[in-house]
Amino acid sequence: MERSIFAALIGGLLGITTIGGLAFVGLTPGSPAAPLSRPEGEWRLLDPIIYENISVFPVVSSYSQDTSPFLTLEEGLATGDVAVREQGSESMVRGRDGRPVYIPQSGTGASVNQLVLINRSKRPLLLLAGELVSGGKQDRVIGKDRIVPVGAPPLPLDVFCVEHGRWTGSAQFAAANTIVHPSVRESAAVDQAQTKVWDSVRNGTNLKARAAAPPPKIAQPNIQSAIAGNGRTEAYEKIYESRAVGVSIDDFVGEVQRRFVSATAGLKGERVVGVVVAYGGDVAWSDIFASADLFDHYWRKLLRSYAVEALTRPTYRQAASRDNASEFLRRLNGRETQETEPGVYRWREIKEGQLAQIELDALQPRPMTLHRLLLHRTS
């Protein structure tokens, strides 16, 4: 028995070695115990899929957590299990049957940067920073990863507006099936600043172009013309329309997806759980999930967002190496911030220089890191 316990302890220690030390979930002194994540040492980085100025490195694993207990925002809004309303224009309470009851409020106005959400499903709701919620008086983007538990009271939800002008519309909200592109996600999730979100929408990318840089496929004037082409509304989703920006984003996405499928089709005993993304020679972004199923759910939306970012950046043809991507994935050693809802989730952010790492840990029904975001800050 003693030998078995000793072997298990040694095995656990060996399991935390991985790409750049990625597996070790660090804690600051006095912080609550970390959740036991999957053996992240089993992550493996594949050679990049390269097209134009984007390189996508698949992250694969032979191990996958069971993420089926979690409901996504897209699923919840589509089925009616999740309801969203403007905060301030009406209040929302949970009825005896779990259904939302709306109570009009007088004397107060709707808030730009806050919505109210209720989860009436039988599953905890997963929200990702960067998910677009369309409708209401303005389209909004989720500002922070979090989990909304089953049976929770209506939740005041911090959001950022991606439309600068419209302040009319119905009370109904829907999933836009869109994740905003990385520069906008950075401004919302890391900078947490409304003015920076608007700037990122207008400019397309936060990256400051170097002298004599090759021009992007989608230039700032094209973006500003597209989003301003809807009356008084600067409509974010216009950026995704080929006719509006003069470039076929669908063709770009289709070619990257074709190469991605070809590169990952021969995997045996492994599945893709995330990606590392580089633009030109610069490794810039990574989204990694607790399961391949969760990655598959978000992948198409994420790929479209990465493509928009690529098309708004200079068209450098050099490509980052797998060593560059592996080094990018190392665990950061910097200032850490944590937020916790006991028994539900833990959110933590680590900043080191121009790098930022954000992790969302589920604490129930079993501890796991649901989503890990790593980015090279451009603002």
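Q: Which residues lie nearest the centre of the second largest pocket?
A: Those are Thr 205, Leu 207, Ala 209, Gln 220 and Thr 312, out of 16 residues that line the second largest pocket. Do keep in mind that this is a predicted model.

Q: And what volume does the second largest pocket have?
A: About 210 Å³.

Q: How does the lining of that second largest pocket split by class?
A: The lining has 10 nonpolar residues, 5 polar ones and 1 charged.

Q: New topic: in the largest nonpolar core, which residues touch the most other members?
A: Ile 54, Tyr 236, Trp 299, Tyr 306 and Leu 370 do, in a core of 68 residues. The element that gives the most to this core is helix 8, spanning residues 292-312, with 11 residues.

Q: What does Leu 370 touch?
A: Setting aside residues up to four places away in sequence, the contacts of Leu 370 include Thr 67, Phe 70, Leu 126, Ile 147, Ile 288 and Phe 289. Ala 290, Leu 294, Leu 360 and Ala 362 are also among them.

Q: What about a second core, which residues does that include?
A: Trp 43, Leu 45, Phe 57 and Ile 288 are among the 18 residues of a second, separate core.

Q: How many bridges does it make with strand 15?
A: Strand 15 (residues 271-279) pairs with strand 16 over 6 bridges, in the antiparallel sense. Tyr 279 sits opposite Asp 282 of strand 16. The two strands make a hairpin with 2 residues between them, and Gly 280 in the turn has a positive phi of about 60°.

Q: What joins strand 16 to strand 20?
A: Here there are 5 bridges, and strand 16 runs antiparallel to strand 20, residues 368-376. Ile 288 stands opposite Arg 372 in strand 20.

Q: One more: in what order do the 3 strands of the open sheet come?
A: The order is 4-9-12, with mixed pairing.

Q: Why is one side of strand 4 and of strand 12 left without a neighbour in the sheet?
A: Strand 4 (71-72) and strand 12 (146-148) stand at the edges and each has a single partner strand, so one side of each has no neighbour there. Strand 4 pairs with strand 9 (residues 125-127) in the parallel sense over 2 bridges, and Leu 71 has Leu 125 as its bridge partner in strand 9.

Methods
Residues are numbered from 1 along each chain as its sequence is written. This is a predicted model: local features need pLDDT of at least 70, side-chain atom pairs count only at pLDDT 80 or more; totals for chains, interfaces and linings use all residues. Side-chain values use heavy atoms; hydrogens and water are left out. A nonpolar core is a set of buried Ala, Val, Leu, Ile, Met, Phe, Trp, Tyr and Cys residues joined through side-chain atoms within 4.5 Å. Buried means under 20% relative accessible area, exposed over 50%, partly exposed in between (1.4 Å probe, protein chains only). Helices (H or I, at least four residues) and strands (E, at least two) are DSSP runs, numbered from the N terminus. Contact means heavy atoms within 4.5 Å. Two strands pair if DSSP finds at least two bridges between them. On a 1 Å grid over the protein atoms alone, a cavity is a set of points where a 1.4 Å probe fits but cannot get out, and a pocket is an open set with protein on both sides within 12 Å along at least five of seven lines; lining residues have an atom within 4 Å of a point. Grid points are joined across faces, edges and corners, and a volume is the space filled by probe spheres set on the points. Ala, Val, Leu, Ile, Met, Phe, Trp, Tyr, Cys and Pro count as nonpolar, Asp, Glu, Lys and Arg as charged, and the others, Gly among them, as polar.
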